[in-house]
Amino acid sequence: MTEAHINRIATAVPPYDVHQAFIQFGHALLGGNERNSMLFGRMAERAGIEHRYSYLNPAAHPDAASTSAYAFYRRGDFPTTAARMRLFESQAPVLAAAAVEKLNLGAERERLTHILITCCTGFSAPGLDLEIMSRCRLPKSMERTMIGFMGCYAAINALKLARHIVRSEPTARVLVLNLELCSLHLQETTNLDEILSFLIFGDGCAACLVTADPTGFAMDSFCALLVPDTPDLITWAIGDSGFNMVLSGQVPGAILDAVREKSGQILKGLPISAIDLWAVHPGGRSVLDAVERALDLKPSALGASRDILRRFGNMSSATVMFVLEAMLRAPKAGALGCAMSFGPGLIAETMLFHASSDTGTGTSTRQL
Amino acid sequence: MDVEQELQAIVGKKVKDHLESGTKLVDAGLDSLDVMELAFDIEDRFKVQLPQIGTELISFTYGDLCRLVEKQLAAKADNALAAPSGSIP
């Protein structure tokens, strides 16, 4: 059977670092509640995040070409879903095109056969698929698939589908895009738990090429692990004023129990010590801590995931691809890896992979 | 004063009744913000960092909390022993 490989990954983020500005904004949303403000400040300090990016410009005097974060999120008048989607339609293709261009496809772009896109933060039709094909001059004959609204684990689903395509059609060359503009869905609230959930999300896009060429990471197997009785722990629904998220504080504990109990299923019987590369979705510091404890990993094992969390926050479906991109830059031939993402269900979507003998080249993240 | 007594004193600022080991924090009347605040009070008092700090602590029993703090204190002591005694010039 043909082996499918992640040959290359490229990533891009929008131009404005909004993390520190959001912390100030979060305190303002709490409206002078000293106790909650203190708790918010301390939680922000230990979130393990230093930067998150957005197309919303937090500068006091933004340039004319950008959208002011404070004008977009005007107190007492947060934007409608339609207004948010208009911004998505204008900015998402820009970010996606930047990531695709960084793949340096060259003449290879003519040979692309499929495009798969994951996104849960914006929708329109004709959609991102056609817009990207036009902007990036991709073949009009490409087969297109949108994987929508699955949340943070969708990248693993997209890789799974890309692998199926390549295995059934060995000449296929699949472009996978994971694009999320999470910063468009801030809600006006004084609820500390909600404001804390907004503290971790940022925008980003990953593009990768999956083919039968034996370079980069070979995708060996996948596992979808549904955690029983947890449908209410993460929810994501379309509201009148953006998309509304519920992110329960019980998520890390549920992940810890599930990963610990099902590690044999996830690793297909391999011992934990056999895994060299842990590409765990940095859904938040507590999620990474939970996985580390569940598998009794050394603190360094999740270093790449913690570094992506620190530099970019949680970019939903794009995040685990940022982690894989970092690993792809310095792979050891034959190294075994396990990628893992979590989202609504709760579901843990996992993938076992290994570094090919002829490794691909990673690229640094482009800030627009 | 031992760890358990000190914890009772910290928890006692929020809960009037003496907590039994098997009592869940949520059943003692603490909400998610209370447990977050409690965790920070514990960190400040014992100079340790708790791996669980958010609302996941709410499903802990008082006994779980005691064991967690004792574990973190033991880890802190181990780290202190492992650290070099002098500095390298």
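Where in chain A is Leu346(A) found? Leu346(A) sits in the loop between strand S14 (336-343) and strand S15 (347-355) of chain A. The points below take up this residue again, along with the rest of the predicted model.

1. Domains of chain A. The contact between them involves 49 residues of domain 1 of chain A and 47 residues of domain 2 of chain A.

2. The domain 1 side of that contact. Two or more residues each come from strand S1 (5-13), H4, helix H6 (154-168), strand S8 (174-181) and strand S9 (203-211) of chain A. H6(A) gives the most to this side of domain 1, with seven residues. By class, the side of domain 1 of chain A that touches domain 2 of chain A holds 24 nonpolar, 17 polar and eight charged residues.

3. Nonpolar core. The largest nonpolar core has 139 residues, of which Ala96(A), Ala99(A), Ile255(A) and Leu324(A) touch the most other members. Helix H4 (residues 81-102) of chain A gives the most to this core, with nine residues. At least three residues of the core come from each of domain 1 (5-211) and domain 2 (217-359) of chain A.

4. Leu324(A). Beyond its neighbours within four places in sequence, Leu324(A) is in contact with Ile6(A), Ile9(A), Phe217(A), Ala279(A) and Ala339(A). Leu324(A) is also one of the residues that touch the most other members of the largest nonpolar core.

5. Contact between chains. Chain A puts 13 residues into the contact, and chain B puts in twelve residues. On the side of chain A that touches chain B, the elements giving two or more residues are helix H2 (34-45), helix H7 (192-198), helix H8 (251-261) and helix H10 (285-294) of chain A. That side of chain A has three nonpolar, five polar and five charged residues.

6. Chain B. Three helices and zero strands make up the elements of chain B, and from the N terminus on they run α-α-α. Of its 89 residues, 24% count as buried. Among contacts in chain B between residues at least 6 apart in sequence, 59% join residues at least 24 apart.

7. Cis peptide bonds. Most peptide bonds are trans. The bond from Ala125(A) to Pro126(A) is cis, with omega near -5°; Pro126(A) has its place in the loop between strand S6 (114-119) and helix H5 (128-135) of chain A. The peptide bond from Gly345(A) to Leu346(A) is also cis, with omega near -20°.

8. Positive phi. Most residues other than glycine have a negative phi. Lys268(A) is not a glycine, yet has a positive phi of about 50°. Lys268(A) belongs to the loop between helix H9 (263-266) and strand S13 (277-280) of chain A. With 12 other C-beta atoms within 10 Å, Lys268(A) is exposed. In chain B, Lys47(B) has a phi near 55°, a positive value in a residue other than glycine. Lys47(B) lies in the loop between helix H2 (32-46) and helix H3 (62-82) of chain B, and is exposed, with 9 other C-beta atoms within 10 Å.

Note on methods: Residues are numbered from 1 along each chain as its sequence is written. Chains are lettered from A and ligands numbered from 1 in the order in which they are written. This is a predicted model: local features need pLDDT of at least 70, side-chain atom pairs count only at pLDDT 80 or more; totals for chains, interfaces and linings use all residues. A nonpolar core is a set of buried Ala, Val, Leu, Ile, Met, Phe, Trp, Tyr and Cys residues joined through C-beta atoms within 7 Å. A residue is buried if 20 or more other C-beta atoms lie within 10 Å of its own, exposed if 12 or fewer, and partly exposed in between; C-beta atoms are placed from the backbone. Helices (H or I, at least four residues) and strands (E, at least two) are DSSP runs, numbered from the N terminus. Domain bounds come from an automatic or database domain assignment. Two residues are in contact if their C-beta atoms, placed from the backbone, lie within 7 Å. Ala, Val, Leu, Ile, Met, Phe, Trp, Tyr, Cys and Pro count as nonpolar, Asp, Glu, Lys and Arg as charged, and the others, Gly among them, as polar.
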